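Open your viewer and get ready to select residues one at a time. This short tour tells you where to click and what you will find there.

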Amino acid sequence: RSPFSENVALSGGGIFATDNAGILLVGLHEVQDVEDETPISLFTSTWNADTTTSSNNNIPLVNSLIEKNNAQIGGAIVVNGHTSLHISGYVISKNTAKFDGGAISIEKSKDINVINTAITSNSASSRGGGLYLGKGVAVSVVKSLIKDNWAGGNGGGLHQGVDAILDVSNSFLVGNKALGNGGGLFVSDTRLTMAKSKLIYN
């Protein structure tokens, strides 16, 4: 069982991080290169429940799955208050938010890195089925998969707020849905850079 599974909270069902915290999550999943794989087979699973990672100001982990958490905001993770987050090698799946950020909600933070991570089958009743990026945040998504997420409002895969900075490289946004605008990605008055990435089947 994942160390972050089936939790319920007002904000951040699995993790709530604020006030200049530093979080490092290192797991064992591998997302295949965009140029090498089709959307049908995008990542391979290599679970190892005996592997742990720990250092100062970081969270020790076992396993590499964050699933089935529930919150009003940020079903799995909330990052707020100038907190840094580096997450690599994880699957974040089947989390739900009543409002924004089915998997992850990010506010007032500028050092966010999502690397080699799959964000799949999460849902938010409002914005950002996979990820919700609030005003002015800065996020880098590298070699990752954002797939089959759902939003009742805008941004099925990802919702990018005003003045936010988003850099996406070597990644897939595939099969995401929104009842509002932007099945894969919703962008408003902000900066988006995409390189070697595919936005398909949304």
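A residue counts as buried when its relative accessible area is under 20%. Keep that cut-off in mind. The model on your screen is predicted.

**Stop 1.** Select asparagine 176. It sits in the loop between strand E23 (172-174) and strand E24 (177-178). Its relative accessibility is 0%, so asparagine 176 is buried. Now show its side chain: it reaches the backbone nitrogen of aspartate 148 at 3.3 Å. Beyond its neighbours within four places in sequence, asparagine 176 has contacts including Lys147, Asp148, Gly183 and Tyr201.

**Stop 2.** Move to aspartate 148. Its side chain forms a salt bridge with that of lysine 147, at 2.7 Å from N to O. Aspartate 148 is partly exposed at 37%. Lysine 147 is partly exposed too, at 24%.

**Stop 3.** Select threonine 120, in strand E15 (residues 118-120). Threonine 120 is buried, with a relative accessible area of 11%. Among the residues it touches are Val91, Leu145, Lys147 and Asn149.

**Stop 4.** How many salt bridges does the structure hold? There are three. Pick out the one between aspartate 100 and arginine 127, whose closest N and O atoms are 2.9 Å apart. The two residues are 27 apart in the chain, and each lies in a loop. Is aspartate 100 buried or exposed? It is buried, at 10%. Arginine 127 is partly exposed, at 30%.

**Stop 5.** Finish with arginine 191 and aspartate 167, a salt bridge at 3.1 Å. This pair links strand E26 (residues 191-195) to strand E22 (residues 165-169).

Notes:
Residues numbered from 1 in each chain as written. Predicted model: local features only at pLDDT ≥ 70, side-chain atom pairs only at ≥ 80, totals over all residues. Heavy atoms only, no water. Helix = DSSP H or I, 4+ residues; strand = E, 2+ residues; numbered from the N terminus. Buried < 20%, exposed > 50% of the residue type's maximum accessible area, 1.4 Å probe, protein only. Polar contact = N/O pair within 3.5 Å; in protein donor to acceptor, adjacent residues only side chain to side chain. Contact = heavy atoms within 4.5 Å. Salt bridge = Lys/Arg side-chain N within 4 Å of Asp/Glu carboxyl O.
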